[in-house]
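Visitor: I would like to examine this structure step by step, beginning with the chain as a whole and then turning to its parts. Please go ahead.

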Amino acid sequence: MLIYLRLLRESFNFAINALVNNKLRTFLSLLGVTVGIFSIVGILAAVDSLKKEIEGSISGLDNNTIIVMRYPFGATDVPRWRLEQFPDVTYEEYQYLSRSLPDAEAVSYVMNVPSETIRYEEKTVSNVQIAATSQEYYDIEALQIAEGRFFNEAEANSGASVIVLGDEIARKLFGNTNAVGKTVRMYGRKFSVIGVLKKEGSGLFGNSKDSAVFLPVNMTRRIYGDNNKSTFPQIIIKPMRDIDQAEFMAIVKQRLRTHRGIKPDDIETFFVNQLKGFMDIIDSITGQLNFMGALISGFSLLVGGFGIANIMFVSVKERTNLIGIQKSLGAKNKFILYQFLFEAVVLAVIGGLVGLALVWFATLVMSQFTGDFEFVLSLGNILIGTSVSVVIGLISGIVPAISASRLSPVEAIRTGV
């Protein structure tokens with residue numbers, strides 16, 4: 001064991017000497033490894049950060065949450081022209097499912113409506129996201145209230161003029177004062193502030209509940225009507241835990257088919273999407289991005305591998321005499337082989353570490369310019385970068401190491417002289 005530790009130390013020293021004595025040659029040779037590791041780990045870090053941000057933006061929803069609407073999450077066999085003819089889900093269908101669905105923890109009706117401008121005295125906030133929901137949405141997404149409360153069933157059913165503000169909207173309108181009980185204006189109407197959500201932080205591409213307000217859905221139904229193309233209604237269902245999810249989704253489909261009077265041979269005019277399916281799509285997309293990034297970065301690593309192999313062949317030639325002396329003193333072939341192989345690995349790891357350092361620096365810089373969107377260099381990606389460096393070193397150094405180990409002692413000393 002001690003001899004291998006000594007061998008590793010000597011190989012490390014030889015690698016450092018190669019860096020010190022041939023700075024330009026070594027720099028150019030290791031540049032490929034550095035760029036390759038930077039590219040691969042950088043892409044992995046960016047994709048992981050994006051995936052983490054997407055998951056964080058919907059973290060309040062359970063993966064088993066079901067969203068019923070006129071469009072599917074993924075691909076469908078239904079032609080586009082026919083898809084456009086499907087009707088939106090209705091408030092009456094939401095009420096019907098609320099009454100008739102077994103094993104449903106909560107059922108909510110949600111309308112996506114255009115952004116609006118909200119005012120309080122002389123202060124104005126534009127481009128405010130409007131979340132029009134029934135009261136059950138509070139339990140489905142597990143919203144966190146900092147001040148006041150969420151609207152109740154009576155207020156939701158009657159379409160009361162009440163509003164719950166996101167943290168950012170509340171701060172822009174009221175500063176550090178309590179917003180509950182104040183009156184704001186929107187849609188040319190007055191709304192009483194009954195609650196403020198806890199700060200969430202910026203979501204995907206800067207959007208989050210901090211810059212949104214929640215209204216009773218029946219209020220927005222009065223404003224927009226039920227057939228307005230600028231709205232996009234959905235029914236969101238949270239099933240109870242530990243039930244058969246596939247069976248539950250089949251029941252939802254059957255209930256809606258019955259309510260819409262769809263014949264057994266006719267296709268459904270709605271889609272029952274599970275949030276898990278959306279996450280599977282995200283996983284598929286991020287997997288493809290990682291694969292393409294690794295494929296492109298592989299060319300840089302290939303160049304870096306040739307560079308390290310070049311260094312090792314030159315190193316073998318420069319130390320031919322030393323190899324002959326070592327062999328004449330009893331050094332075995334595997335000792336010479338390990339010596340050059342370790343040196344190649346050390347060189348590759350040094351190039352890889354420089355690449356990882358550049359990625360780490362890049363994540364710090366980019367996080368400063370993207371607000372709350374955080375680029376993260378995970379331990380897993382660091383291990384991937386280090387492992388790839390070791391593999392490149394082994395592959396690049398194996399041929400020079402074998403050629404060095406097979407040198408004849410006499411020929412090596414004679415050639416060296």
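This is a predicted model: local features need pLDDT of at least 70, side-chain atom pairs count only at pLDDT 80 or more; totals for chains, interfaces and linings use all residues.

Visitor: How many helices and strands does the secondary structure of the protein chain comprise, and what share of its contacts between residues at least 6 apart in sequence join residues at least 24 apart?

Guide: The secondary structure comes to 14 helices and 10 strands. Among contacts between residues at least 6 apart in sequence, those joining residues at least 24 apart make up 79%.

Visitor: Why does the distance between the end C-alpha atoms of helix α9 agree with its number of residues?

Guide: Helix α9 covers residues 245-260, which is 16 residues.

Visitor: Which elements do the buried residues of α9 pack against?

Guide: The buried residues of α9 are Gln 245, Phe 248, Met 249, Val 252, Leu 256 and Arg 257. Their packing partners include one helix, α4 (91-100). The strands they pack against are β1 (66-69), β2 (104-120), β9 (232-239) and β10 (271-274).

Visitor: Which residue caps the N-terminal end of α9?

Guide: Just after α9, Gly 261 takes a positive phi of about 70°. At the N-terminal end, the backbone nitrogen of Ala 246 lies 3.1 Å from a side-chain oxygen. That oxygen belongs to the capping residue, Asp 244.

Visitor: In which sense do β2 and β3 pair, parallel or antiparallel?

Guide: β2 and β3 form a hairpin with two residues between them, and Glu 121 in the turn has a positive phi of about 55°. Across the pair, Arg 119 stands opposite Thr 124 in β3. β3 covers residues 123-133, and its eight bridges with β2 are antiparallel.

Visitor: Which residue in β8 is the bridge partner of Ala 131?

Guide: β3 also pairs with strand β8 (residues 212-216), in the parallel sense and over five bridges. Within β8, the partner of Ala 131 is Phe 214.

Visitor: Which residues form one aromatic cluster with Phe 214?

Guide: A search of the whole structure finds 11 aromatic pairs. Rings pair if their centres lie within 6.5 Å. The cluster that contains Phe 214 also holds Tyr 137, Tyr 138, Phe 150 and Phe 151.

Methods:
Residues are numbered from 1 along each chain as its sequence is written. Side-chain values use heavy atoms; hydrogens and water are left out. Helices (H or I, at least four residues) and strands (E, at least two) are DSSP runs, numbered from the N terminus. The expected span of a helix is 1.5 Å times one less than its number of residues. Buried means under 20% relative accessible area, exposed over 50%, partly exposed in between (1.4 Å probe, protein chains only). Contact means heavy atoms within 4.5 Å. A polar contact is a pair of N or O atoms within 3.5 Å; within protein, one must be able to donate a hydrogen and the other to accept it, and residues adjacent in sequence count only if both atoms are side-chain atoms. Two strands pair if DSSP finds at least two bridges between them. Rings of Phe, Tyr and Trp (its six-membered ring) pair if their centres lie within 6.5 Å; planes under 30 degrees apart count as stacked, over 60 as edge-to-face and the rest as tilted.
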